[in-house]
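Welcome, and please open the model in your viewer. We will go from stop to stop, with something to select at each one.

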Amino acid sequence: FYRILAPQMVRYAIPSFGNNWLVMIKATAIVSVIGLDDLVRKAAYASGATRKPFTFYIAVALIYLVFTTVSSYLLAWLERRYSLGQRRA
């Protein structure tokens with residue numbers, strides 16, 4: 001099962017899993033696990049103290065962008081890894 005069937009099934013499951021993962025990161029409760037709410041709140045406090053809001057909000061946006069970019073690259077790598085030897089239609 002693990003050497004023959006699972007790799008064939010994973011090949012079809014990864015694109016939909018990747019899509020759902022990115023949607024969850026961008027829109028749902030997994031953002032709270034990452035701590036985006038805490039990052040934004042701390043950026044609001046820091047911008048209130050220094051009167052430079054764009055510096056802190058851009059830093060938060062870059063951190064969030066890193067999470068989504070790394071996830072996208074990892075999922076693309078997994079798709080390539082499990083599609084070895086398959087013809088593209």
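## First stop: a buried arginine

Select arginine 11 and tyrosine 12 and show their side chains: a polar contact of 3.1 Å joins the two. Keep in mind along the way that this is a predicted model.

Where does arginine 11 lie? You will find it in helix 1, which covers residues 5-27. Now look at its surroundings. Arginine 11 is buried, yet it has no salt bridge. Select glutamate 79 as well: this is the nearest side chain of opposite charge, and it is 10 Å away.

Then select leucine 75 and compare the two positions: asparagine 19 and leucine 75 are 56 residues apart in sequence, but their C-alpha atoms are 9.2 Å apart in space.

## Back to the start of the chain

Next, pick phenylalanine 1, in the segment before helix 1. Phenylalanine 1 counts as exposed because its relative accessibility is 56%, and the cut-off for exposed is over 50%.

## A loop with a positive phi

Now move to arginine 51, in the loop between helix 3 (36-50) and helix 4 (53-82). What is the phi of arginine 51 near? The value is near 65°, which is positive in a residue other than glycine. Most residues other than glycine have a negative phi. Arginine 51 counts as exposed, with 71% relative accessibility.

## Zoom out

Finally, show the whole chain as a cartoon. How many helices and strands does the chain have? There are four helices and zero strands, so from the N terminus on, the elements read α-α-α-α. Of the 89 residues in the chain, 19% are buried. Among contacts with a separation of 6 or more, 60% come from residues 24 or more positions apart.

Methods
Residues numbered from 1 in each chain as written. Predicted model: local features only at pLDDT ≥ 70, side-chain atom pairs only at ≥ 80, totals over all residues. Heavy atoms only, no water. Helix = DSSP H or I, 4+ residues; strand = E, 2+ residues; numbered from the N terminus. Buried < 20%, exposed > 50% of the residue type's maximum accessible area, 1.4 Å probe, protein only. Lys, Arg positive; Asp, Glu negative; His and termini not counted. Salt bridge = Lys/Arg side-chain N within 4 Å of Asp/Glu carboxyl O. Polar contact = N/O pair within 3.5 Å; in protein donor to acceptor, adjacent residues only side chain to side chain. Contact = heavy atoms within 4.5 Å.
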